[in-house]
Each structure stands twice: as structure tokens, then as C-alpha cells.
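Here's a quick briefing to read alongside the model. Have the viewer open and follow the topics in turn.

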Amino acid sequence: MTGLTAWQRWFPILDWGRRYDRSRLAADGVAAAVVTLMLIPQSLAYALLAGLPAQAGLYASMAPLVLYALMGSSSSLAVGPAAVTSLMTAASVGAVVTQGLVSYTEAALWLALLSGALMLAMGAARLGFLANFLSHPVVSGFVSASGLLIAASQLKHLLGISLQGDTLLHLLPQLARQLERIHLATALMGLGAVGLLLLARKGIKPALRRLGASSMAADLAAKAAPVTVLLLSITLAAGLQLAEHGVRVVGLVPQGMPPLTLPSFSAQSLDVLKELLVPALLISLVGFVESVSVGQSLAARRRERIDPDAELRALGLSNLGAGLSGGFPVTGGFSRSVVNFDAGARTPAAGIFTALGLAFAALFLTPWLYHLPQATLAATIMVAVLTLVDFSVFSRTWRYAKADFTALLLTFALTLLAGVEVGLVAGVGVSVLLLLLRTSRPHIATVGQVPGTEHYRNVLRHEVITHPAVLSLRVDESLYFANARYLEDQVAAAVARQPALRHVVLQCSAINDIDASALESLETIDQRLRAAGLQLHLSEIKGPVMDRLNRTDFLRHLSGRVFLSHHQAVLTLAGPEPI
């Protein structure tokens with residue numbers, strides 16, 4: 001690999017930047033304008049969800065976009081605060097702050113820096129495959145439960161009441177006790193914003209098309225609806241002086257660019273890092289899975305591809321940037337990335353232009369946010385997370401795989417009742433245990449010859465021919481420590497059922513690997529069969545598996561033979577009579 005190719009692998013901007021032209025500039029500029037309109041209210045809302053000042057959302061949406069453009073491999077992914085990672089941030093930071101080790105804002109900075117460092121290190125080590133341990137049922141259960149938790153957590157802002165806690169066990173009893181304390185003006189503002197946002201999402205585009213608006217204009221109006229609701233709320237709150245009547249508003253938002261924020265180092269810093277290490281790892285994995293899922297689905301629509309390891313590095317750099325500029329953990333968001341794609345973004349430069357738009361807002365528009373009701377931001381969050389909740393996955397998973405349904409239900413229930421970290425860790429743990437359970441008892445089929453062919457199929461499913469002196473077994477799983485003893489038991493049981501047996505043939509067509517424990521079990525099986533006057537034979541061993549076996553003494557001591565094809569093995573061992 002040449003030096004230039006290596007640099008391009010780490011910094012894809014060196015590749016697409018050389019081909020950047022005026023047409024791409026125009027497309028990226030239009031996409032950036034649309035995404036900027038969407039991100040202004042969304043970033044403020046997610047800062048509120050994370051328990052941070054509103055400006056932290058703007059800060060977390062600038063530097064990460066620019067840094068992702070340097071190292072990211074997706075042409076459409078838009079990086080910034082996201083609903084699930086913001087909820088996880090609030091839960092993780094809140095747990096540390098209650099111990100009195102550090103302030104809330106500083107803990108969020110440490111969390112972003114630690115997440116960024118972990119992602120960057122995993123990307124450099126090419127560990128993108130670790131995300132595979134988050135199975136789809138686990139992710140679905142976690143995201144759906146997180147969506148419900150997010151919606152429940154915003155009820156305090158939407159209704160003007162006081163709710164503490166981060167699980168439904170904490171929130172729902174408090175909500176029931178405080179229904180009579182709902183602040184009417186706040187509730188009217190919040191529920192009105194929810195209604196307008198839902199109406200805009202479902203009906204504004206078709207309505208404008210019926211009135212003769214072009215498809216592009218109607219689409220832009222639908223995407224700009226949150227900004228319109230935001231401006232309407234500010235106008236009402238300022239005109240009616242709702243803050244004086246108990247409606248909570250954002251208040252003073254500092255005007256200017258993100259500051260350089262370096263967490264202070266003290267004797268307690270190591271304790272803070274220890275407390276945040278596991279949450280940072282979980283946020284990194286969830287953020288990475290979300291980003292890669294969105295990036296791959298969008299890339300497939302343009303016949304492009306993304307590099308998971310490059311995405312890890314890019315997200316790591318983005319989180320480091322968020323931590324050093326007053327933000328909190330970020331990831332590639334689904335809604336903003338889809339909007340970026342649909343608006344025509346051609347390269348990651350669209351993210352740079354979006355960051356410039358947000359910088360303009362931070363420099364000149366923040367004074368206008370003073371009267372923005374927190375209920376409106378809560379409404380923005382609640383409407384956005386509706387897309388996260390998917391109850392249909394429960395019925396689909398139940399019909400297809402009961403074991404996966406167990407992981408899905410456990411993750412969903414524990415996330416709601418015990419918290420996001422407990423739910424996610426439990427879901428991953430159950431998925432790994434189910435995988436070990438499935439592979440520890442592999443399907444082992446007794447096979448026979450389909451008449452008139454060289455094909456061998458399961459004797460329980462097909463009309464096949466067998467021979468009393470030959471037992472053909474097909475192991476449908478790689479062999480490793482968890483299933484090695486099971487294979488010994490199954491071979492012994494099958495041999496005991498055939499008194500006229502002389503040869504046992506293991507068909508290895510589905511075996512992709514044999515570890516040291518399984519090799520020892522094969523040696524044990526061979527010794528037991530030899531002691532009983534039988535021979536063990538292997539057929540259809542794959543090349544990589546054969547290469548490893550050739551580095552041992554097993555094949556040299558094997559009582560039987562190794563056959564290239566199963567048909568050849570059975571014909572040779574059964575003799576001249578057809579089987």
C-alpha cells in the first residue's frame with residue numbers, strides 16, 4: 001500500500017476533495033441549508049434532554065461536523081447530538097454527579113472525550129466488528145424502550161411539573177401524583193407544539209402540493225416546520241410575557257463561537273474516568289451501531305460503501321471535538337442524515353457548510369432564543385422520538401425466533417425499569433449466552449444418498465439410501481470448546497444404535513473452524529472408535545480447516561482416511577454394492 005493510499009484510508013477527504021467541483025458545491029450547499037434549519041431546534045432540544053444548557057447542543061453540532069468530514073467515509077451522514085445518546089449521557093453523567101466528584105457540565109465533557117478516545121483507538125485497531133455483538137433484537141428493544149423513556153422524561157417540561165429519575169419505575173408514580181399540579185399555560189404551549197409538529201409531519205406536504213406548490217418547495221416547508229413552530233412559540237412567549245406567568249423559557253444563551261473547553265485535572269479525575277469508562281464504552285457502541293446502520297442504508301441507495309473502521313475513527317475524532325468545544329457525546333443521527341441525503345448532499349462537505357450555518361446562528365441568532373419555551377423543545381424531542389418506537393418488531397421476532405424474542409423483551413423491559421445501561425448490558429449478555437447455547441448443541445444430521453445422485457441429505461427429511469456398515473454424520477456448525485463434548489456424546493449414541501457398523505464418516509462441509517478443544521475431542525472420538533474396532537473418516541474438509549489440521553499429528557494418527565468428497569468416501573467404504 002502506498003503512502004498516499006494509506007493517508008486516503010485515514011482521511012477520505014484527500015480522495016473526494018480532489019474531485020470536488022461546482023455541481024457538488026451547489027448540491028452540498030442546498031443540503032446544508034435544509035439541515036441547518038432542522039438542527040437549530042433539534043440541537044437545543046437534545047441539550048435539554050442531556051440535562052445541559054441549550055448552547056451545548058449548538059456547540060456539539062459544529063466542530064464534530066467539520067471533523068467528521070475529514071475522516072468519515074459516508075457522503076450523507078450528519079453527525080451531532082442524537083436522542084438515544086443524549087438520554088444515555090443524562091443517565092451516565094447524573095450518576096457521577098450524585099457522587100460529588102465533578103460538575104455536571106464537566107462530566108459531560110469527560111464523557112465525550114472518553115467516548116472519542118475509545119472510538120479512535122478501536123478504529124485504529126480495526127475493531128469495528130465489535131458492534132456485531134449488539135444483535136438486531138437487542139438494538140430494537142433498547143431503542144424502542146429508550147424512545148419511551150425519552151418521551152416520559154420530557155413530560156416535566158411539557159406539562160410544567162417536577163419529575164426526577166431515569167426509569168419508568170421512578171417517573172410514572174411521580175406523574176400520577178402530580179397530575180393536579182400541571183401548569184396550564186405550559187401544557188397548552190407544549191401540547192400545542194406537539195399537535196403542530198405532528199400535523200406538519202403528516203399533512204403539510206400533501207396540502208401544499210394540492211395548493212400547487214412544487215415538490216421541492218413542499219418538502220422544504222415540511223422540513224422547516226420545527227423552525228416555524230419554534231419562532232411561533234418565541235413570538236407568543238415574548239408577546240404574552242409567559243415567563244412572568246410561570247412558563248419556563250430557555251433564557252440567556254451565550255452569543256458567540258464554542259469555547260475551548262479542557263476539563264480540569266485533579267486528584268478526583270481518575271475516579272471520574274473510572275466511573276465513566278463503562279458508560280463511555282456503551283455510548284460508543286450504540287452511537288457506532290446507529291451511525292453505521294444509517295450510513296450503510298444511505299450508501300446502498302447510491303451504490304456506495306462505507307468503511308466501518310473509518311467510521312469509528314471519524315466518530316472518535318468528532319467526539320473529541322465535541323468534548324473540547326463545550327459539547328457532549330455525538331453520533332450520526334438518523335433523521336438529520338436522511339434529510340441530508342434527500343436534500344441532495346453529495347460529499348461530507350455538506351457537514352462543513354452546516355457547521356458554518358450553525359456558527360452563524362450562534363453568533364447572531366441566540367438573543368432571539370431567550371423567550372423560547374422549554375415546553376416547545378420538549379415537544380420537538382417527543383415528536384422526533386416517535387420514530388424510534390417500533391412495537392411491530394415484537395410480533396415479528398416472536399414468530400421467527402423465540403430465543404431472539406427473549407433477548408428483545410429482556411432488553412426492552414430492563415431498559416424501561418432499570419435504566420439504559422442495565423438494559424443494554426443485559427441484552428448483550430443474553431445475546432452472547434443464547435449464541436453459546438445454540439452453538440453448544442449443533443445440528444448433527446445422519447445423512448444418506450439421494451437415489452441416482454451424488455447428493456447426501458438428512459435421513460429424517462428425505463427418502464435416501466444408507467448402508468449398515470457406514471454411518472455418515474453431517475455436523476452443521478464449526479467445532480469449538482462449547483460443543484466439543486456434545487459431538488463426542490452424539491457420535492457415541494449414534495454408534496450404539498448400529499451394531500453392524502464398521503465406519504463413521506464425518507461430513508465437514510459446514511465446519512469453518514476447529515479449535516484446540518474440538519481437535520482434542522476428535523482425537524478422543526477416533527481413539528474410542530478404534531478401541532471398538534471402528535474407523536473414523538473425514539470428508540469435504542475446507543481448505544483453511546485442512547491447513548490447520550496439517551499442522552498437527554491428528555491426520556497422521558487418524559484410524560481412517562480423509563476424502564475429498566462425501567460420495568467418494570461412502571462408495572469406497574460401502575464396497576461394490578450400491579447404498
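The largest cavity holds about 70 Å³ of space, and a search of the whole structure turns up four cavities of 30 Å³ or more. A cavity here is a set of points on a 1 Å grid over the protein atoms alone where a 1.4 Å probe fits but cannot get out, and lining residues have an atom within 4 Å of a point. This is a predicted model, with local features needing pLDDT of at least 70, side-chain atom pairs counting only at pLDDT 80 or more, and totals for chains, interfaces and linings using all residues. Residues are numbered from 1 along each chain as its sequence is written.

**Cavity lining**
- Two elements, α5 (63-71) and α17 (349-364), each give two or more residues to the lining of the largest cavity.
- α17 gives the most, with three residues.
- Among the lining residues are V35, L65, Y68, N340 and T354.

**Helix α22**
- Its 13 residues (484-496) should span 18 Å at 1.5 Å a residue, and the end C-alpha atoms are 19 Å apart, which agrees; the expected span is 1.5 Å times one less than the number of residues.
- A484, Y486, L487, E488, V491, A494 and V495 of α22 are buried (under 20% relative accessible area; exposed is over 50%, partly exposed in between, with a 1.4 Å probe and protein chains only).

**Positive phi**
- Q241, not a glycine, has a positive phi of about 50° and sits in the loop between α13 and α14.
- E540 is likewise not a glycine and has a positive phi of about 55°; its loop runs between β7 and α24.
- Most residues other than glycine have a negative phi.

Conventions:
Side-chain values use heavy atoms; hydrogens and water are left out. Helices (H or I, at least four residues) and strands (E, at least two) are DSSP runs, numbered from the N terminus. On a 1 Å grid over the protein atoms alone, a cavity is a set of points where a 1.4 Å probe fits but cannot get out, and a pocket is an open set with protein on both sides within 12 Å along at least five of seven lines; lining residues have an atom within 4 Å of a point. Grid points are joined across faces, edges and corners, and a volume is the space filled by probe spheres set on the points.
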